[in-house]
Amino acid sequence: MISEATRARFAREVAKYPADQKQSAVMACLAIVQQEQGHVSPEGEKGVADYLGMAPIAVHEVTTFYNMYNQRPVGRFKLNVCTNLPCQLRDGAGALQHLERKLGIGMGETTADGLFTLQQSECLGACADSPVMLVNDRTMCSFMSPEKLDQLVDALRAAEAP
Amino acid sequence: MMTADQVLAQFRATGVETCFHDRHINPQIYAGLNGSNWRLKDYVARGGYEALRRILLGADGAEPMTQDQVIATVKESGLRGRGGAGFPTGLKWSFMPRQFPGQKYLVCNSDEGEPGTCKDRDILQFNPHIVIEGMAIAAFAMGISVGYNYIHGEIFSAYERFEEAIDEARAAGLLGDGILGSKFSFQLHAAHGFGAYICGEETALLESLEGKKGQPRFKPPFPASFGLYGKPTTINNTETFAAVPWIIRNGGAAYLACGKPNNGGTKIYSVSGDVERPGNYEVPLGTPFPKLLELAGGVRGGRKLKAVIPGGSSAPILPASIMMECTMDYDSIAKSGSMLGSGAVIVLDDSRCMVKSLQRLSYFYMHESCGQCTPCREGTGWLSRMVDRIENGQGRPSDMDLLNSVADNIQGRTICALGDAAAMPVRAMIKHFRPEFEYHVEHKTCMVPAYV
């Protein structure tokens with residue numbers, strides 16, 4: 001079920017497009033679902049499809065085409081570290097390896113406590129800030145030296161401690 | 001105790017390193033920015049929206065401008081598309097069927113995903129109104145009433161910032177119905193991607209804006225006749241729109257004079273890789289490459305320059321000796337066998353292994369191929385696997401010729417330019433650094449000490 005608050009956010013996106021082109025809002029609606037639920041489930045896709053008057057498969061095509069949609073649950077914090085060439089030249093791969101050691105997981109995995117999912121990503125569009133990492137699709141963290149990565153992980157753990 | 005959001009906020013970029021370093025030369029787009037003066041009142045204080053006002057209402061005793069006058073001014077300026085292709089902007093605008101009776105659309109391509117490029121992010125983040133004004137002027141010139149700015153999903157804060165700026169402009173009567181009391185109306189909205197390099201290709205972007213997979217369309221028909229929702233559409237890059245207000249305020253001839261013939265104005269270069277000060281540098285087109293390198297603090301650690309990818313990862317790599325002779329403009333870089341592209345300058349020092357560098361790029365193109373055309377879908381994977389095996393000591397002496405042959409069979413045989421973008425780095429790497437590839441095959445290791 002889509003809450004009233006979520007429907008209001010959907011409506012704001014739909015209003016940008018011509019009345020007969022509601023489908024244009026699908027990317028934004030899926031991003032909202034992901035922000036609120038952590039990932040886009042088949043039920044989430046169905047909710048968006050119903051709201052926009054699309055076939056569920058057409059929504060699924062979008063979810064599966066774009067890299068940032070989580071098709072299964074991820075940790076509380078999804079850490080996407082860019083390792084593309086400009087970042088590779090400035091320790092992007094090193095940042096990813098540092099996080100693998102720090103978190104005790106490999107890329108693509110989630111920590112046992114469910115706090116962190118670590119992923120390698122393609123160009124985030126912040127090349128001059130390398131090493132860069134995008135957290136939960138919304139916050140770009142720049143100049144992530146090993147010390148700053150440690151600080152970030154430790155502070156997030158503290159913030160989430162029961 | 002800090003919340004998670006407060007923790008994350010501490011690690012956000014401030015723009016000091018990349019944009020407010022005061023190492024631009026005669027900047028127009030980045031001039032006077034400090035990170036906190038992005039709002040409407042600040043932009044107006046910098047002379048913002050004067051150009052739109054002059055066009056719609058006239059100024060200094062001059063009459064309002066006509067659509068033809070605006071397009072003629074942009075043509076005279078020599079402004080060329082800043083997204084990669086370098087197509088003359090005024091000419092593109094003149095292709096728009098202005099008399100077409102139905103809906104027409106204006107689209108800004110802010111899907112900045114070409115590896116090495118982060119200039120549009122700093123424009124949207126720190127000077128969003130310059131893009132809004134540029135788009136409003138373009139919309140007026142082409143008789144368009146609705147526009148969208150499609151913003152790279154990964155720079156979500158830039159999307160949110162742009163939405164806020166749109167709200168400000170709308171509230172001030174600079175967007176919407178009857179702008180500044182004139183008869184001109186223009187509705188502008190922001191849209192975002194969500195992680196697909198291919199959507200930087202203009203027709204893939206249109207598909208994405210229609211709520212579909214971002215798979216490029218066959219051209220022709222070009223967007224000017226069949227664009228968004230099948231309607232005539234003009235698409236320009238963020239930096240292109242951002243250049244327009246200055247041109248209107250100062251005239252086409254003045255803009256052209258800022259650069260060099262056929263290469264008018266300033267250009268923002270995103271310098272990344274092995275330099276002391278990676279960042280965005282706005283300089284006149286035609287600035288010598290050594291000057292740009294100097295602005296970026298020179299090669300990191302005082303090392304020797306080995307090679308430069310001058311226009312984003314898709315541009316053919318150039319060895320230092322050629323690059324140091326280039327000026328940074330469309331024609332000089334093209335003459336040297338590469339392209340200015342998006343203006344992303346990726347610098348590699350003499351410690352870098354070219355096989356390993358190409359390995360990461362080839363993986364990227366395989367990952368981002370949309371899968372629509374067979375030569376690209378299959379060929380990018382083939383290229384990636386071959387570079388992988390050379391890097392990992394399993395290369396064969398025939399691999400370099402085979403790489404060239406696969407690249408040849410991708411290039412020019414696909415619907416969009418991603419195939420070319422995957423092929424060109426491979427061909428240029430082998431052209432300029434073949435001995436390094438041969439050394440890898442023979443000795444199963446790099447010519448240079450291990451990197452990363």
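## Reading salt bridges

Reader: Does B:E163 count as buried or exposed?

Author: Buried means under 20% relative accessible area, exposed over 50%, and partly exposed in between (1.4 Å probe, protein chains only). B:E163 has 12% relative accessibility, so B:E163 counts as buried. This is a predicted model: local features need pLDDT of at least 70, side-chain atom pairs count only at pLDDT 80 or more, and totals for chains, interfaces and linings use all residues. Residues are numbered from 1 along each chain as its sequence is written, chains are lettered from A and ligands numbered from 1 in the order written, and side-chain values use heavy atoms, without hydrogens and water.

Reader: Which side chain meets B:E163 in a salt bridge?

Author: A salt bridge is a side-chain nitrogen of Lys or Arg within 4 Å of a carboxyl oxygen of Asp or Glu. B:E163 pairs with A:R12, at 3.1 Å from N to O. B:E163 lies in helix α8 (residues 156-171) of chain B and A:R12 in helix α1 (residues 4-14) of chain A, so the pair joins two chains. Helices (H or I, at least four residues) and strands (E, at least two) are DSSP runs, numbered from the N terminus. A:R12 is partly exposed, at 44%.

Reader: Where do B:K260 and B:D329 lie?

Author: Their side chains form a salt bridge of 3.1 Å, N to O. B:K260 sits in the loop between α11 (252-258) and β5 (266-273) of chain B, and B:D329 in the loop between β10 (327-328) and α14 (330-335), 69 residues apart. B:D329 is buried, at 0%. B:K260 is partly exposed, at 30%.

Reader: How many salt bridges does the structure hold?

Author: 40, over all chains.
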